[in-house]
Amino acid sequence: MTPEEERDIERRLRSLALRPARPGLREKVLEAAAKYKKEAAWTTPRLRWCLAGCMAVLVVVFVIDAGLGRKQQSRLQALMDGSPRMHDRAADESRVLAEVLGEPVDRKLVARNERIASEEMRAGQVRREKVLRELLKEVFDGSEGAENNH
Amino acid sequence: MTPDELYDRYGEMMYRYLALRLGSPEDAEDVLQEAFCRLARYSARWALVRDPKAFVFKVLRNEANRHLARRIKRREGDRTNAERNPRLEGVVEAPADASASLLARALGELPDEQREVIVLKVFQDFSFKETAAVCGISLNTAASRYRYGIEKLRSLLEGKA
């Protein structure tokens, strides 16, 4: 078949007038589509608000939980430094102090001493003498203060 | 794109395509409605569609194929070609001359895949590339189906003239 013959068939096909869609088809089709879309939606506006609220609550819970977890972890880290060795070294200071004083040291002071020593050791500044000195100073100043108060 | 805009842009084209493929204005209306329901469901993701025309016609084609499959199933016992092929005289305005009437009948007698390519190319002004995308075939297949279809139309017209 020659290109002319092909073009002729094409021209004749194009000359075929198709019947237009009947009036009112547009409205019918769009109405059906809108109805279908409404029915197909598994969520209602109210349910969507509820879901959004639940999601917001979940996000807040996760954020708070993560924050608390981090805080707790840092507190534990500060106390223990995650390493029993560090804790032992800090406890040594208290033991030394108790030996020097010849009496048990106040538990609050021991805990404070352990914390300070742990933090200093973790920071790589192992200054046991300094820690001990400060602690002794505090113990004696505190006892002097207490005596003065009496 | 809202369904209204979609209809204003493609509604007429879609109806013509369906009428020529199915050969029945009533069926074309039903399938058009089904296709619009599907498209309305997808309207939230419409912005993701790169080529709206190809997308719309692919949805439409699939819906038309489903309709044809149902129709064939209903007429399972009757497998004559004349029954399976649409009679396009119902969708074409009363032809002015006998040759136009013959042409409409010959178009209806073409195999579905060839008629589809001709309908898209001639009546919808699709390029071969667009036709291939809509039909899910290669560019060469689209072009050869078109050529075979036109050739067959010519021989049908000459045979009946």
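Reply: Happy to! Please keep in mind that this is a predicted model. Read along its sequence, chain B runs α-α-α-α-α-α-α-α, which comes to 8 helices and 0 strands. Of the 161 residues in chain B, 35% are buried. Among contacts in chain B with a separation of 6 or more, 63% join residues 24 or more positions apart.

The part to zoom in on is helix α2 of chain B, residues 25-41. This helix has 17 residues and reaches 24 Å from its first C-alpha to its last, close to the 24 Å expected at 1.5 Å a residue. Its buried residues are A28(B), V31(B), L32(B), E34(B), A35(B), F36(B), C37(B), L39(B) and A40(B). What covers them? The cover for the buried residues of α2(B) includes α1 and α3 (52-74) of chain B, together with α2 of chain A.

Let's take the chain B side next. L18(B) touches A28(B), V31(B) and L32(B), and also L60(B) and A64(B), leaving aside residues up to four places away in sequence. Several of these names come back in the largest nonpolar core, which has 47 residues. M14(B), L18(B), L32(B), F36(B) and L60(B) are the residues with the most contacts inside that core. Helix α1 of chain B, residues 3-22, gives the most to the core, with 10 residues. Domain 1 (1-86) and domain 2 (96-161) of chain B both give residues to this core, so the core lies between them. As a general point, nonpolar side chains in soluble globular proteins tend to be buried together.

Now for the partner chain. Chain A has 6 helices and 0 strands, and 10% of its 150 residues count as buried. The contact between the chains takes 25 residues from chain A and 27 residues from chain B. On the side of chain A that touches chain B, α1 (3-14) and α2 (25-40) each supply at least two residues. The helix that gives the most there is α2(A), with 11 residues. By class, this side of chain A has 15 nonpolar, 1 polar and 9 charged residues.

To bring the picture back to our helix: α2(B) has buried residues covered by helices that include α1 and α3 of chain B and α2 of chain A.

Note on methods: Residues numbered from 1 in each chain as written. Chains lettered and ligands numbered in written order. Predicted model: local features only at pLDDT ≥ 70, side-chain atom pairs only at ≥ 80, totals over all residues. Core = buried A, V, L, I, M, F, W, Y, C linked by C-beta atoms within 7 Å. Buried ≥ 20, exposed ≤ 12 C-beta atoms within 10 Å, placed from the backbone. Helix = DSSP H or I, 4+ residues; strand = E, 2+ residues; numbered from the N terminus. Domains from an automatic or database assignment. Contact = placed C-beta atoms within 7 Å. Nonpolar A, V, L, I, M, F, W, Y, C, P; charged D, E, K, R; others polar. Expected span 1.5 Å × (residues − 1).
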